[in-house]
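Have a look at the model first, then work along.

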Amino acid sequence: MKIHLETERLYMRDIEESDLEDLFELDSDPEVHKYLGNNPVKDRAKTQKIIKDIHQQYKDNGIGRWAVITKDNNEFTGWSALKYETYPINNKNGYYDIGYRFKKKYWGLGYATETASAAINYGFSVLKLDQICGAAQIENIGSNKVLKKIGLKFIEQFYYEDTKCNWYEINRKDWEELQRQ
Ligand SMILES: CC(C)(COP(=O)(O)OP(=O)(O)OC[C@H]1O[C@@H](n2cnc3c(N)ncnc32)[C@H](O)[C@@H]1OP(=O)(O)O)[C@@H](O)C(=O)NCCC(=O)NCCS
């Protein structure tokens, strides 16, 4: 098991084949997918393919979404981390995206803020990135709040398919400034 980051309450490690049931529980929940295109996963074969794709991203890009595990009882809560995004969004591709997704029972505990903030620090301090981006549907109040809390700046609104979204960025200079505060 490869642990990449440790926060106050959580471990962030590679997603493994054995996470299948937890990932299926996460992605088959319509509430979790409410602001993700409203298309929850319906079978485990799809989840298996997602795990395979994430492993390919680890190999190709040296980064991908990480499982978030509670330190106190070793529970899989969801995922959070950077991803090198090659699918074009808002006329941009080839960028590092910060993202997170948790099982509903773990919402409202500060896990998204805690882990995404650690992932941003990892991106700038370990991967030496120049910029990290993030996007959320405008109605996804929680996600928009997290993006701002971890230091990303609102840049513009854009449409993804028919959905209005907010686009955010943080540059190395902004991050360095935040470290000095
Ligand atoms: C969005 C999501 C990741 C937020 O995770 P979380 O761990 O509950 O977020 P946090 O506890 O770190 O909350 C950060 C802030 O947002 C607020 N918040 C979180 N969810 C909220 C909601 N649904 N409505 C209003 N505010 C919300 C929190 O109260 C907190 O505010 P505060 O700092 O003023 O106290 C979680 O709801 C989720 O997994 N949703 C489904 C997947 C998803 O939408 N992912 C994002 C795609 S862009």
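**Exercise 1.** Describe how helix α1 packs against helix α2.

Solution. Start with the geometry: α1 (residues 20-27) and α2 (residues 44-61) pack at an angle of about 110°, their axes lying 9 Å apart. Axes here are lines fitted to C-alpha atoms over the stretch in contact, with angles from 0 to 180 degrees between N-to-C directions. The two helices are therefore roughly perpendicular (65 to 115 degrees). Helices are DSSP runs of H or I with at least four residues, numbered from the N terminus. This is a predicted model, where local features need pLDDT of at least 70, side-chain atom pairs count only at pLDDT 80 or more, and totals for chains, interfaces and linings use all residues. Residues are numbered from 1 along each chain as its sequence is written.

**Exercise 2.** Which residues of α1 and α2 meet?

Solution. From α1 come L20, L23, F24 and D27; from α2 come R44, T47, Q48, I50 and I51. Contact requires C-beta atoms, placed from the backbone, within 7 Å.

**Exercise 3.** Which helix supplies the largest share of the shell around the ligand?

Solution. The answer is α4, with 6 residues.

Note on methods. Angles under 35 degrees count as roughly parallel, over 145 as roughly antiparallel, 65 to 115 as roughly perpendicular and the rest as oblique. Two residues are in contact if their C-beta atoms, placed from the backbone, lie within 7 Å.
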